[in-house]
Amino acid sequence: MSKLDSKIPAGPLKDKWKNHKDHMNLVAPNNRDKIDIIVVGTGLAGGSAAATLAEQGYNVKAFCYQDSPRRAHSIAAQGGINAAKNYQGDGDSTYRLFYDTIKGGDYRAREANVYRLAEVSANIIDQCVSQGVPFGRDYGGQLDNRSFGGVQVKRTFYAKGQTGQQLLLGAYSAMSRQIGKGRIKMYNRHEMMDLVIVDGKARGIIARNLVTGEIERHSAHAVVIASGGYGNVYFLSTNAMGSNVSAAWKIHKKGAYFANPCYVQIHPTCIPVHGTQQSKLTLMSESLRNSGRIWVPKKIEDAVAIREGKLRPENIKEEDRDYYLERRYPAFGNLVPRDVASRAAKERCDAGFGIENNDTKEGVFLDFSTEIIKKGKEAAIEKHIHNPTDQQIYDLGKKWVEEKYGNLFVMYEKITADDPYKTPMKIYPAVHYTMGGVWVDYNLQSTIPGCFVIGEANFSDHGANRLGASALMQGLADGYFVLPYTIADYLSADIRTGEIPTNSGAFDEAEKGIKEKIDFFLNNKGTHSVDYFHKKLGHIMWNKVGMGRTPEGLREAIKEIEEVRNDFWKNVKVPGEGEGMNTELEKAFRVADFLELGQLMAIDALHRNESCGGHFREDHSTPDGEAERDDVNYKYVGAWEYQGPDINTEVLHKEELIYENIEVKTRSYK
Amino acid sequence: MSAKKGLHLTLKIWRQKNNKSKGQFETYKISDVSTDSSFLEMLDILNENLINEGKEPIAFDHDCREGICGMCSLYINGRAHGPDTGITTCQLHMRMFKDGETIVIEPWRSAAFPVIKDLMVDRSAFDRVMAAGGFISVNTSGNTLDANAIPVPKEDADRAMDAAACIGCGACVATCKNGSAMLFVGAKVSQYALLPQGRIEAKRRVLNMVKAMDEEGFGNCSNTGACEVECPKGISLENIARMNREYMAALVDQG
Ligand SMILES: Cc1cc2nc3c(=O)[nH]c(=O)nc-3n(C[C@H](O)[C@H](O)[C@H](O)COP(=O)(O)OP(=O)(O)OC[C@H]3O[C@@H](n4cnc5c(N)ncnc54)[C@H](O)[C@@H]3O)c2cc1C
Ligand code: SF4
Ligand code: FES
């Protein structure tokens, strides 16, 4: 019997959440301090959840591997956060945000969850403003909005280019207030190593104090995982260096199903890899595509000459440039969605037209010269400059671009030492966000009773593809407004349980497993560093489980990942000791988990014989290279159940997706 | 020319096993560092070499590598976050250095930031100052006012944002000869001072934060301005002045 009961409440879509809240069990205020909750992760999801649960009166223990909750990966988000406020009076509504999100996700998300997300989105903005988040304002003192890709209304709230930072600092300040009151006990520089299950329920975790190396036992009545996404399985990505899958993977091994692992979002506008020494990729905001034109040389010999530094892009004549997005997608041009733009760039580079002059040869131009001249001419007319010189036009146009994107241009120049006003930016797609994750029901509970999963770590709400500005929204919705209700329903049965002891067999066993692994790593004395294996894995993932997937490639990947994993367990070398700070040991545990997850991603991608959103199967595409979805056979969530160390034996469970309120259509951008 | 120039460098790096043991400088040689690499990527290469030689790699803090999380630190050739301005160590690139150069790398040095290991320090004093008052006391239930019911003049919102941009890296403290945390605390106090929200508790906030700051062992501000120069986010000294005004007003009120 499948355990996949989505627990979607009955009734009309727009009343589901309200009805559900009205009928859930509660924990009375005087009973809440009898209950302990562990929250793993202090990003937008975990931070907002910890603050809210503590404020309601539960005893919260929060964990993060950084030195402070304020440094969670959410801090890096630039663009903004969506909310259906309709402040701009342009026809936005809960339904419209719901519709855009379902469609953007290529009809692979649950209607009820997405509707709830759209419904609570407006509350998020109210909450954050009252916490002192300095959102952008207009001159009337009201909140300002931007518009983002794939959407026809202005619903994106922003705090300069640092929206994630400000939202996270808001959640962190709410946490700080509870930490000061002693309601949250914060465990910085602590890593969750395993989940402890007692009598079938999640009752605690094993954590490692990263400073002292001590292995600690922590018990609770419920465990909330808010540990973020797993994009670092590719080694190079826009994720923070420490982002990992370990907490999610550990609960998967203890019985939580892992859903849609193959859904990965690739962002089209990152600074390309500069060489083999690279550790991390940097995003250039998507908004640049509003003004930049994307091209590669038409002639292969020009591409070669550019790579060799013998030719400057400025010197390639207009007719010798291939504006491939404008050519292939005349209606949307440079503004096609992220997955489409990314694949098109890869197609050109694979064909030999990449322009980056280093070992990778991957990269395309993002060129602002047309915009500079266009805006320059417009400004000249406005300023009544008749017969402006080319230089005057250029200067006026440059000024316009500078006002709009200046900070991004400076950042680009710091990293690449190229002046993007003079020479086109070089960009290339990079791994950015993972839509897959731990399967959860409508209450955000995994298939392990008492183990809840929120934010990027769960699979919900974005389907096969994520639109911009929606991850921040989901993280905060889960943490501030959904989990605090649904977890109470679960905990209401626990008010008489009393403190969970940590001296039980389940804790002994989990701790023993971790200590054995630590001993293994420190004594293995192999030949290669952890990064050596991580890079090998990343290489396979990017080439065979990346932007374009073929059955042959995926079969090879499954085998090759297994080989790397076997080699890892034989030959990994982890220097240093277990007592005290040991960053290589931390990495070893994380990469061990990536080596298993990577294989499951390939297995999931192989079984899904269709293309949808971030999952593009080359054998399921139209003759002109567009994605071909198969709604008849694959309109489901694929959730995998762990069966033991051989990842090939994982069992697939399907949750059919039922669309009652939306017509399922094909996405086309021609 | 496709091959990029590779740098050959001598590194003098502070090594310290933990906060109980004494530390010392060790010298390392490194070659073929691409000028396109970041400073932390250069340390990654050094660490890879050390591991291959069977030695322990150098511990240093980092996470986002995008200049925003505030986790990276490092005193490089006598300057917090190294020789470039307006950036963190993770955004510092090797093209700022010359072939054959010797680079001295130390951890943040301040009484309030004890060394954990090698180049890593403990900055949790900042968190404790925040827990003493760096927030607005509003419940997170979502039952608040509609966001547009609290209009904020654009200029104030923009200046509050400039103050709120602090990433809590601690370069200000590390670079100050007194180890003062005034720029960090001033930035947070200013953010709230510039907004209508949270004014009700403004006095308590500044008194509590300043008290916590003193208790954590941060030094006094003697207005030399070194913090502002080294701050990667351009947090200005104005914020210290604003905090002092808020503090004096609160003291007067206390009587
Ligand atoms: C460069 C960039 C720009 C982005 N821009 C946008 C944007 O404009 N709009 C948008 O909506 N989204 C954006 N995103 C996506 C968005 O930022 C993330 O999806 C979101 O912040 C994830 O939040 P989270 O709370 O789920 O996880 P995270 O913020 O990743 O937090 C994870 C937490 O878990 C902790 N943790 C992990 N493992 C363990 C463990 N084993 N033990 C203990 N603690 C652990 C970490 O310490 C951390 O506190 C962007 C992402 C990137 C990379
Ligand atoms: S004020 Fe500047 S230097 Fe100090 S912690 Fe904030 S960002 Fe860092
Ligand atoms: S690593 Fe995040 S700011 Fe440098």
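Student: What area is buried between domain 1 of chain B and domain 2 of chain B?

Tutor: This is a predicted model, in which local features need pLDDT of at least 70 and side-chain atom pairs count only at pLDDT 80 or more, while totals for chains, interfaces and linings use all residues. Residues are numbered from 1 along each chain as its sequence is written, chains are lettered from A and ligands numbered from 1 in the order in which they are written, and side-chain values use heavy atoms, without hydrogens and water. The domain assignment, automatic or from a database, gives domain 1 (7-116) and domain 2 (123-253) in chain B. Buried area being the accessible area (1.4 Å probe) that two parts lose on being put together, summed over both, carbon and sulfur atoms give 54% of a total of about 1400 Å².

Student: How many residues of domain 1 of chain A are in contact with domain 2 of chain A?

Tutor: Chain A is divided into domain 1 (268-431) and domain 2 (525-635), whose centres, taken over C-alpha atoms, are separated by 31 Å. With contact meaning heavy atoms within 4.5 Å, 10 residues of domain 2 of chain A meet, from domain 1 of chain A, 12 residues.

Student: At what angle do the axes of helix 7 and helix 9 of chain A cross?

Tutor: Helices here are DSSP runs (H or I, at least four residues) numbered from the N terminus, and their axes are lines fitted to C-alpha atoms over the stretch in contact, with angles running from 0 to 180 degrees between N-to-C directions. The axes of helix 7 (residues 300-307) and helix 9 (residues 338-353) of chain A come within 10 Å and cross at roughly 90 degrees.

Student: Which residues of chain B surround ligand 2?

Tutor: A residue is counted if one of its heavy atoms lies within 4 Å of the ligand. The surrounding residues are C166(B), I167(B), G168(B), C169(B), G170(B), A171(B), C172(B), L183(B), C231(B), P232(B) and I235(B).

Key: Helix = DSSP H or I, 4+ residues; strand = E, 2+ residues; numbered from the N terminus.
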